[in-house]
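User: Hi! I'd like to go through how some labels on a model were assigned, step by step. Could you show it first?

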Amino acid sequence: MRYGVVGTGYWGKNHVRVARELLDEGRLDEVVICDTDERRVESLADSYDLPYVTDVAEMDVDAATVATPSTTHRAIGTDMLERGIDLLVEKPLALNAEDAWHLVETAEDNGCSLGVGHIFRYHPALRALKRRVDRGELGRIKYLQTRRFSFRVPRRTTGVLYSLAVHDVDVYDYLLDARPDTVHGRFDSFVREGIVETSTLTLGYGNVTGVINSSWQIPVFDKTRDLVVVGSNRSAYIDYLENTKLELFDAEVFSDPEDGLKSRNDGAIVHTTDDEEPLKTEVEAFVDACESGEHPPASGAVGARAVETLEHAERSAAKNEVVTVDRPGLATQF
């Protein structure tokens with residue numbers, strides 16, 4: 001397979017590294033990288049001993065990663081898909097649902113595999129949690145909460161909603177195998193006008209509540225990326241910065257025939273998963289999908305659904321009210 005990486009910036013350079021590893025392992029036959037910044041792409045190409053181009057139209061590949069700014073995803077993605085190139089597009093798939101579904105439809109029309117870079121679907125600890133949720137080990141899921149905090153200058157192009165919260169919107173759909181039926185969003189933009197620097201989302205999945213807190217303006221903690229899932233029998237905690245660690249808390253509130261409601265808390269057990277790099281696992285899954293002619297687990301439709309939810313959150317924030325999602329249901333429905 002001839003493989004390309006389009007965009008060699010902050011995250012794109014990691015895709016170049018992984019592609020080089022897969023080339024060395026014999027999974028790929030050829031790798032070429034592309035960026036309009038010739039000095040940057042030439043330097044990276046020299047580091048990994050790879051050929052490069054500065055115009056995506058010059059790429060003659062079978063499949064590629066698109067790690068360019070989100071504002072370019074529709075144009076670059078459409079061009080490459082119409083040329084029959086399978087694509088892994090970094091998240092968000094696009095900055096509005098219309099563009100996102102356009103890419104999904106273009107992939108279908110041209111018989112291409114389309115994936116989106118929702119990398120946390122390949123996080124070892126989260127995948128281990130997903131298996132336990134599916135087996136019913138946590139009981140009935142009641143509540144989910146995520147924090148993604150850091151302190152930095154907000155980006156000029158996209159805020160935390162599409163840069164950070166998009167991950168967790170998809171994580172909740174993934175864990176629950178469902179889409180939210182209600183969405184409430186509250187945003188703050190104090191530093192850069194029109195750029196969301198802090199967002200709070202509340203997603204309703206029937207009787208399950210999911211809260212997503214994202215901010216670039218919190219100096220209180222170090223970089224924070226974590227998840228709490230509360231079930232009727234057990235609860236779980238993941239620090240995303242520790243790939244292999246899943247904590248399960250054996251605690252519940254139950255009804256006692258004699259004493260009424262009682263609580264039980266038997267403490268936490270730490271489970272260690274295999275140490276796999278999520279990005280490499282994601283790219284390997286995409287390559288497998290290309291070879292089989294299918295879509296990877298984090299498909300283009302997965303990315304489009306996440307963008308739809310973010311649009312509902314924007315509509316909620318504009319109206320300052322909870323909005324009802326038009327098409328809730330199974331996450332695998334579309």
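Analyst: Here is where the record comes in: an unreviewed UniProt entry annotates residues 1-118 as "domain: Gfo/Idh/MocA-like oxidoreductase N-terminal". In this predicted model, that span is 40% helix and 21% strand, and its end C-alpha atoms are 23 Å apart. The annotation may be inferred rather than shown by experiment.

User: Which residues does the annotation "domain: GFO/IDH/MocA-like oxidoreductase" cover?

Analyst: According to the unreviewed UniProt entry, that name belongs to residues 127-235. Computed on the model, residues 127-235 are 23% helix and 39% strand, with 15 Å between the end C-alpha atoms.

User: What makes R17 and E277 a salt bridge?

Analyst: The cut-off is a side-chain nitrogen of Lys or Arg within 4 Å of a carboxyl oxygen of Asp or Glu. For R17 and E277, the closest N and O atoms are 2.6 Å apart, and the pair forms a salt bridge. The two partners come from distant parts of the chain, 260 residues apart: R17 sits in helix 1 (residues 12-24), while E277 is in the loop between strand 14 (260-272) and helix 7 (278-292).

User: Why are R17 and E277 called partly exposed?

Analyst: The label lies between two limits: buried means under 20% relative accessible area and exposed means over 50%. R17 has 22%, so it is partly exposed. E277 has 30%, so it gets that label too.

User: How do you know whether K280 is buried or exposed?

Analyst: Its relative accessible area is 17%, which falls under the 20% limit, so K280 is buried. K280 forms a salt bridge with E21, the closest N and O atoms being 3.5 Å apart.

User: Why does the pair of R27 and E291 tie together separate parts of the chain?

Analyst: R27 lies in the loop between helix 1 and strand 2 (30-34), whereas E291 lies in helix 7, so the pair connects parts that are 264 residues apart in sequence. The closest N and O atoms of R27 and E291 are 3.7 Å apart, and they form a salt bridge. R27 is partly exposed at 25%, while E291 is exposed because its 51% is over the 50% limit.

User: Where are D37 and D49 found?

Analyst: D37 is in the loop between strand 2 and helix 2. D49 is in the loop between helix 2 (38-48) and strand 3 (52-53). From D37 to V53, 16 residues along the chain, the C-alpha atoms are separated by 9.9 Å.

Methods:
Residues numbered from 1 in each chain as written. Predicted model: local features only at pLDDT ≥ 70, side-chain atom pairs only at ≥ 80, totals over all residues. Heavy atoms only, no water. Helix = DSSP H or I, 4+ residues; strand = E, 2+ residues; numbered from the N terminus. Buried < 20%, exposed > 50% of the residue type's maximum accessible area, 1.4 Å probe, protein only.
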